[in-house]
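Subject: A structure for you to look at

Hi,

I am passing a structure on to you, and I hope you enjoy exploring it. Please open it first, and then read my notes beside it.

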Amino acid sequence: MTTIPRPASPSKRIELNSVVATIQDRFQGSVSLSKADAGVALSVTVSEVDSLPRLSKLLFWDLGCSFGGLVVEEIQGNWRLSYLFLAPESGWIEVILQASSSTASVPSISSEVHAADWHEREAEDLFGLRFEGHPRLGDFILHDQVWPEGAAPHRKLHRKSMDVHQAHFRHRPNPDWRPLLVVQDPGSFAMPVGPVYEGGLGQSVHFLLETVGEDVVRAVPRLFYNFRAVEKIAEGGRVSDVLLLAERFAATSSFAHSLAFCHTIERMSGVEVPARARHLRLLLAELERLRHHAGAIAGICESTALAVAASQAAIIEERLLRASSQLTGHRYLFGLNEPGGLRRDFANEDFGDLLTSVDRALGDLQVLEKRLYFTSSFLDRLEDVGIVDPDKARDLNFEGPVGRASGRCNDLRRECPYGAYGQYKFEVPREFEGDGYARLRVLFQEAYQSGGLIHQAAERLQPGPVAARCEPPPSGVALGWSEAPIGAALHWVRLDGSGLVERYRVMTPSFNNWLGFRVAVEDFAFQDFPIILATFGLSATECDR
Amino acid sequence: MSFWFWHGIQKGVYTTRYPKAIESAPGVSPGRPVATVFPSPMEASLAVANCPVDAIKAQGNSARVDLRRCIHCQRCRFGGSHLLEWRADFEWTAVPAEVEKYEVLPHAYDHSLHIMVVDAGDCGACLHEVKQLNNPFYNMHRLGMFFTATPRAADVLLVVGPVSENMRVPLLKTYEAMPDPKRVVAVGVCAITGGVFGRTFMSAGGAASVVPVNLEIPGDPPPPLAILHGLLVVTGRKAPVQSESLLERSA
Amino acid sequence: MDMWIGDALVLFFVLCAIGLVLSAVTRGRYPLRVLVGCSAACSILMMAAAAIALVSGHSFEATLWHLDGLGTLTMRLDMLSAIFLFTAGLVYLPASLFVRNLAEARRERRHSIHGYGVLHFALMASVVLILTANDAPLFLISWECMSILCYFLMNYEHEKETDARAGYIMLAMSEAGFLAVVLAFSIAGREASDWSFPALQIAGTQLSGGAVWSVFLLGFLGFGVKAGLVPVNFWLPRCYTAAPPTFIPVLAGITLNLGFYGILRLDADLVSPHGFGTGLFALVTGSVTALVGILYATTDNDLKTMLAHSSIENAGIIVAGIGASLVFRASGHGIAAAIALTAALYHMVNHSVYKTLLFQGAGDIEAATGTREMDRLGGLAHFLPALSVVFLVGCLSISAVPPFNGFVSEWLTLQALLRSAVLLSPAVKILFALCGATLALTAALAVTCFVKVYAMSFLGIRRGEWDLRGRKKETRPRFALTYLAIACLLLGILPTYVIPALNRAVEPLVGASATASLVPSFFTATPENQQLPPAFLQDFHNLGAQTGRNVLPGRGMVVLARGSEQNPVIFAMSPFYGFLALAVFLLVTWIFVTRATGKRRLVRNELWAGGIPRLLPEMTYTATGFSNPVRVVFQAIFRPNIAEDTRETVAVHFRTAILRRREETHLVDRLFFHPVGDAISWCARLLAGMHHGRLNAYIAYTIAFLMIILLLFRLS
C-alpha cells in the first residue's frame, strides 16, 4: 500500500481582505468589488468578459478557494451569471458576469477550473448560452437521442406546465444516435451498464465502460435520466410550494436540502431562527446523516457480497428509519422544516426513545466496524481500489465524505458554519489514501460524530418557540447552504416582486462528485466497478434534480 | 469468516410476522390521513386549505382524502388548524380508476414472484423503501418474492417516479421485454399522479401515461410494508382495498 | 494385392500426367473441370492404394530408373508411407473440390488456371514420390521439387506485396531446411554401401553417438522447417496467412505432414537412437512449440493467422508424441513407445482433417464478408447457417471435445506421457511430467482459443460494416466441408478401427503392438483377454460393452489404457458409446422440451440491453477483450510495447481520443530469428570491410587463398 504523505497543515483560512487586495492588484479596472450579504461575503463584478477565466484561475488555484457552482439567470432578457467560490473559513465569493440578451457566448472557465465543466454544460443545455472554449457542449441533460439541439427549455419564454406533446418540444428519438467513444483501439468495446441495471435497484444512470478487456480505460457516466426540471417547476411558485420541491427532489438528503432552502428565505427576510429550532434542526440533520451513512455502509457490504454484514447494516438503518418515523411521523423526515424554524415541536420524552435508538445504532456500528476491519476478503476489495488521489480530489472539487477521504477540508459545518454548528464540539474525519477503504472509514467516523452531536443537541434543548414568524419579502435574492450527507448543498433563490419564486437554483453535492467519479473507476478492473460505485454512495437523482 | 455466521445467529430473528399478523411496531409506517368529520361544513372547507396538492375535498361535514394525491407533507397532521385524523396502517394498495378489476396472476406465481424495478425519475425514497424489502425486518424471500436483474425473468414491474422524459423509452423497453403474464404496479404517489412534479415537459405525470398500470400503491413514500402488501395483492394472496371504503377518486 | 497397389499407383501417375497436360492445353471452362475431376480421381487413387496396403499388410516395391552416380531409384510403399499417403489422399479430395474457388479469379482473368493446374498436379506427384521413395536421392529430389512447387503456388496471386515476401521467406527457410536434411543424409550414409534406405538402415546401426546426434539434430531441424517446430517455424504464420485460399489446405494438411514423415523416417526408422537424449530433445521441443503456438493463437485476431499458430501447436503435440515414443523405445518399454507413436500418428491424421475444414471455413468467411478480423465479424450464424454447423464441428474437434476426433488423439497422447512412471531415471520422469503439464495447458488454451473463434465469428451481433450483398441464406452445406466434418466424427467414434490400422506402421518401428494393449478384443475370442482381470471383464460385460459382439466387426468399441505393473489400474473410454449416449440424451431432451412447452407461445423480442435505445456493435465483446486475460497472464512471454497516446483538447480534463498501440514481436523472432539475423548481418558487415575496391588487395587475397589451398593439398 503506498502511503500518501499528509500535507503539512490543513487548509489555511483565507482572509477576505487579502483576497480583495489580490484581486484589485491583478485585475484593476476589469472588476469591481463589494461586500455583500444574503449569504455571500464578497461580490466581484466582472466588467471585462475576457478576464473571467484568469480570475477563476486565481481564485481556485492561487488562493485555494473551492468551486461551489454556477447560477445562470435570465433577468428581463439579460443574462446574469454567478460563479460561487468558497474561501475556506471566510465565506462565499460571488463572481458576477452580466451580459446582454444578444450575447451568444461567454468565455468558459472549464479549462482552468475543471470543476465547472458540468455546470457550463448544464447551462448550455437548459438556457442555450454557449461557453466559448468548452469542447464538449451538448447532449448533457437533454439527451441527444431524444431532444433536438437548441431546445433550451429553461428560457423564460417556455412554460413549465407544457404538455409533453406540445409543439415547442416536439421531439422524436434519433435513430442514428451513437455515443461518443474515445478509446480508438480496434479491439476496444464499450460495455453498457444501465440505465436499468442491478434489477432496477440502482438509480438510473447509464455507463459506457470503454475497455480493451480487463481494465476500464474510460468511464464517463451519462446522467439526467431522472431529470424532472425542478428548477423550472419552481418558477412562479409560492415559497411554501417550492419548499415541497426542495424536500422531495432527493429524499435521502431531504432534511438537509429543505434546510438550505429555508436558510435562503430566512436570510432574505432577515429572520432570526429561535435557539430551540436551531438545536432541533441540528439534531434532525445529524439523525439524517447517521441514517444515510448506515445505508451507505450497507451498500458497500452488499456490493462486496458480504451478506451478513450487509444485513446487519440494513438492520441499523431500518431501526433509524423507524426511530425517525416514531419521532417525527415520517421515515425520511419530510415536512419538518419551514422558513423560520420547524413546523412542529417535540415533547422531551420523545427524545428518550430516540437517544436509545441512536445509542443502540452506534454500538452496533462499532461492532460492525471492528469485525469488518478483520475480514480480509472484504478489505481486499476495498483497499487500493478506486483511488482518488488528493490532487485530483482538489482539481475536481470532490465534496462530502468522498472528498474528505482524499484529504479535502470541505465540510460546510466547519468551513462556513450555519445554524448552531458554531457552538458544538465535533471532529471532521479526514483520510488521505483516497481508496474505498478510506471512504468506508470516513463514513464510520462521521456516523459516530453525528451520534455525538445528537446527544449534545438533546442536552442543549431549552424550552422555547420552535419557529419564528417568517414572511418572505416581495423580492430578494439569497444563497443558502447546508452540509448534506453526501456533501455541500447550495440553494439560490430569487423572488420576483410579488413574493413568488423567480429563479430557484440547486447545486447538489452529487452533481460535483459524479463529475469526478470517473477518475476513481478508470484503470481499475471491471469487477471493481460496482464496488467503487458503492463506496462513492452517490445519488443520481440528487444530481439530476 | 465463521465470525459472521455466529454473529448473525446470535442477533436473532427480526422478521415481521406480516402477513400472518398485522405489524404494529412503532415507526413501520407514517400512517395516512383519513376522512374526518368536522362540526360544520365551513370547518371542513378550512381543512381543505391545509393541503398544498388538493388532496382533501370537503363533502358536507366531512373532509375526505384522495390518497392518490397525498404526498405525506403532514400539513394536515400538525402545525396548523383544522387537522385531520391519521390512522397508522399500511394496507393501501388499490386498483386504478380506469381499470375494472385486478386480474390476479396464475396460481403458479403465488409463492414465486420475480420483481423488476424501474427508477423512472424517482426522488430516491420510494426506491429506498423498495430496497428495504430485502432487509431482515421484512425479508420478502420468505414469501417467495425475489428481485431479478433482467426483465426477461420478471413477472411484475414496479415503477417508481413520475416517469421523467429521458426514462420514458427505457421504461417502455423494460415493459416490452417482460414476457406474459406480467403486471405493473405504480409505487408511490409520483408514479400514480406525478406527485409534486405533476405533468410537465419533462415528467409524464405518472406511469399510466407510458405503460398500462394494474395496481397502485399510494404514499410518499409508501413504507416497505405497504409495498409488501401490494406484492401480496399482485399474487392474489391479499385483496386490493375498495375505493368506496378507504379511498376517494378525484373526478 | 501387390499388383493392385502397383496398378493404383501407376494409374495415379498416369492421371497426374494427363491432368497436367490437359490443364496446360485446354481452353474455356475445361481447365477447371479437368483440374477438379482429375485431382479428385487422383486423391481417391491415393487413398485406395494406401488402404489396400494397410488392410492387407503387404508393402509394395518397385524399381524406377537408374542414375549414374546416385544409384538406382526405387519406390516402396510400406506401412508408414501408407498412413501418410492415406492422409494425403483424404485431404486432397476436398482440396480438389475447393479449387472451384479459382473460378472467380478466372472470371476476372487475373491469374491463369493453366499455371495453377500444372503446378497442382506436379505437386501431387512429388508428394507421392516423397512418401514412397525408398532411397535418398529420389527422396531429396522430390523434396526439393515439392519445396519449389510450394513456392510457386504460394505466389500464385503474385501481385500482392505481402504474399511475395512471405513466399520468399518460405523458400529461403525451405532451402535452409533442405540443406540440413542433405547434410543429415550424407552423414548417415557415409559408411553405407549405396544410398537406398535399407542400406542406410544397416549403416545407421553402426553410427557413433556423435554421428547419431548430428544426424538427428540436422534432420530434426531440417524437417522441422516444414513441420513447423520452434525455432524454425517463423515463416509459417506469415505464409499461411498469405497463401491463396485454394492452396492453404494443401499447405496445412499435406506439406506439414511431410515434415513429420521425414522426422519419423530418418530418426525413428533409418537411424534409430541408442539413448533417450534425442527423444527427450524432441519431446521438449514439441511441448514448447505447442505452448508457444497456442499462446499466439489465442491472442491473435486474424482468422488465418490464428489457425496457422494453431497448426504450430498441433505440430508440437505430434512431435512431443514422437519424442516420447523414442524415449520409451530407447529404454526398452515397447508398449509405451507404441502407444505414444500411435497417438502421434492419430493426431496427425486428425489434424489434417480438421485443420483443412477450419481453413476452408475461414476462406469461406473471408469470401462472404471480405474480412478476416474477428473483431469485425459476428452474427454470421444467421447468414451462413450451414457453414456455422460444420465450422462448429471443426472447432469442437480441435478443442478435443468428445465425441470428435481431437479428443481421442489428445487422450492417447496424455496417456502415453503418463506412462513415464515406468522409466527409471527421476530426471527424465520430471521432464515428462513437465511436458505433460505443458500439453495439458495447451489443451486448455486451445479450448479458449476456439471458443473465441466460433463465438466471435458466428455468434453475437454483427460488428463490421460488411454486408452479404443479397446473398441467399445458404441452407445446404458444401459437400467438401460436410465430408470433412463427417470424417471428424467418424475418426472420433471409431478409434478401435483406426488404431489397428495405425498399428501396422507402429509395430515395425517400435517392436511392440499398440493394438493389444489399447484395443483388446472384447468382441473376439476370450482367450486373448487373459491379461485383463476377470472382475474387470465381468463389469464390462454388465455395462454392455460387449453388445454387438457377433455382429460388428473388429475388436470392440472401447479403448483402454493400463497403468504399470506397480499400479495396475485401467482407464477405459469409448467415444462410440459416448456418442450414442449423447444422441439418446439429446433426443430425449428434445422430445421432452417440445412436449412440455408445446402449448406455449414463443414471442421474439428485441435484445434486452438495459433500456438503451439500441445495442450497438461497439457495445459487444470483441475478440481482443475475450483473449485479454491470456495476454495479461502471459505477459512475460509476449513482452508487448504498449504506447498510449491521448489526444485532448483545451485541457487534460477533456480527452477526445485515447489510442493504445500495442506492438509485439513474436517470441521466436525475438529469441532466434532476430539474433541470428543480426549475427549474420554483423559478420557480413565485417566481411564487407574487405570490399574496398582496391585491386592490389584483391590480387593479394587470391594469391593468399591459392597458397592456403596448395598447403592443404600438400599436407593431406
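Below is what was found, chain by chain and then across the chains.

Before the details, please keep in mind that this is a predicted model, in which local features need pLDDT of at least 70 and side-chain atom pairs count only at pLDDT 80 or more, while totals for chains, interfaces and linings use all residues. Residues are numbered from 1 along each chain as its sequence is written, and chains are lettered from A and ligands numbered from 1 in the order in which they are written.

**Chain A**

Chain A contains 17 helices and 15 strands (DSSP runs numbered from the N terminus, with H or I of at least four residues for helices and E of at least two for strands). Its C-alpha atoms occupy a box of roughly 65 × 60 × 55 Å along the principal axes.

**Chain B**

Chain B has seven helices and 12 strands, and its C-alpha trace spans about 65 × 45 × 30 Å along its principal axes. Buried residues come to 56% of its 251 residues. Chain B is split into domain 1 (32-87) and domain 2 (107-246), with bounds from an automatic or database domain assignment. The C-alpha centres of these two domains of chain B are 27 Å apart. Six residues of domain 1 and nine residues of domain 2 make up the contact (C-beta atoms, placed from the backbone, within 7 Å).

**Where the chains meet**

Between chains A and B, 58 residues of chain A are in contact with 57 residues of chain B. On the chain A side, H8(A) gives the largest share, 12 residues. That side has 27 nonpolar, 19 polar and 12 charged residues (nonpolar being Ala, Val, Leu, Ile, Met, Phe, Trp, Tyr, Cys and Pro, charged being Asp, Glu, Lys and Arg, and polar the others, Gly among them).

Chain C also meets chain A, with 30 residues of chain C in contact with 32 residues of chain A. Helix H24 (623-633) and strand E6 (655-663) of chain C each supply at least two residues to that side of chain C.

**Cores and an enclosed helix**

The largest nonpolar core has 257 residues, and Phe85(A), Val159(B) and Val187(B) touch the most other members (a core is a set of buried Ala, Val, Leu, Ile, Met, Phe, Trp, Tyr and Cys residues joined through C-beta atoms within 7 Å). Helix H7 (residues 275-303) of chain A gives the most to this core, 14 residues. Another core, of 215 residues, lies apart from it and includes Val230(C) and Phe359(C).

Finally, which helix of chain C is largely enclosed by the rest of the structure? Helix H17(C) is, because 12 of its 14 residues are buried. Among them are Phe407(C), Trp411(C) and Leu412(C).

Best wishes

Key
Two residues are in contact if their C-beta atoms, placed from the backbone, lie within 7 Å. A residue is buried if 20 or more other C-beta atoms lie within 10 Å of its own, exposed if 12 or fewer, and partly exposed in between; C-beta atoms are placed from the backbone.
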